[in-house]
Amino acid sequence: MKLLIFDLDGTIADTKRSVCDAVNITMEHFSKPSVTPDDVERAMGNGALMLIRRLLPKADRENEELVRTVFEFYDKTYDDTCMNAPLYDGMLDTLKELKARGYTLAVLSNKQDRYVKKMMDAYFDAGMLAISQGQRADLPAKPDPTVPLMIAEKLGFLPSDCAFIGDSDVDVLTAKNAGMVGVACAWGYRPEEVLAANSPEFLIHYPRELLNIFN
């Protein structure tokens, strides 16, 4: 492997609280029931629009105009809470060591693109990540392989040169769909049995285990 592409939420940083805070500000604004961090954890993984759809009361989920309106409010509100998302223990040192070993590092998230870039610019020195890419209206979301393959091509790598690292079944499927090695992270937001059921090449429990795989 030469290029390591990382998910963000539940993989690099624990973003659940920051998302929950913004969701509850949004729900209060629209007089909808509040949600818990566990509710948010179950709803994450397929982008912010789907997150809002899943967290609205069941009767509202098919009201496309309402879902879009609530999402747009949340999309602005998250700017105030997004940095309340600490890196997982050992993640920064692990990424620095992988970089020192000669690996090219990138981030691909289903989180809104501007927030991915804002967070990565805050957490990492310039040059640590070759690309930080989030969800945009003109690009398909994971597990579609289009964007990870675009990243690999832009950086000059074949899919067989790449690994995709993330905490969800969506990430494991992204790796499979793109023809990349899949590394499932059990410290994130999906149960280990869900990750194992999707047959990743590796299943790890701590960030520093990446150094045993990519030595």
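Which elements do the buried residues of α5 pack against? I began my entries with this point, and found that the buried residues of α5 pack against β1 (3-6), β2 (104-112) and α10, where helices (H or I, at least four residues) and strands (E, at least two) are DSSP runs numbered from the N terminus.

Before going on, I noted that this is a predicted model, in which local features need pLDDT of at least 70 and side-chain atom pairs count only at pLDDT 80 or more, while totals for chains, interfaces and linings use all residues. Residues are numbered from 1 along each chain as its sequence is written, and side-chain values use heavy atoms, with hydrogens and water left out.

**Helix α5.** I looked up the buried residues of helix α5 (residues 91-100) and listed Met91, Thr94, Leu95 and Leu98, buried being under 20% relative accessible area, exposed over 50% and partly exposed in between (1.4 Å probe, protein chains only). They lie on the same side of α5, because they cover an arc of only 95° around the axis, the arc being that of the directions from the helix axis to the C-beta atoms. After α5 comes glycine 102, whose phi is positive, near 100°.

**Core.** I then turned to the largest nonpolar core, which has 53 residues, with Phe6 and Leu98 having the most contacts inside it; such a core is a set of buried Ala, Val, Leu, Ile, Met, Phe, Trp, Tyr and Cys residues joined through side-chain atoms within 4.5 Å. Not counting residues up to four places away in sequence, leucine 98 touches Leu4, Phe6, Tyr103, Leu105, Leu210, Leu211 and Phe214, contact meaning heavy atoms within 4.5 Å.

**Aromatic pairs.** My search of the whole structure gave six aromatic pairs, where rings of Phe, Tyr and Trp (its six-membered ring) pair if their centres lie within 6.5 Å, and planes under 30 degrees apart count as stacked, over 60 as edge-to-face and the rest as tilted. Tyrosine 103 counts as buried at 10% relative accessibility, and phenylalanine 214 counts as buried at 3%.

**Asparagine 215.** Leaving aside neighbours within four places in sequence, asparagine 215 is in contact with Arg101 and Tyr103.
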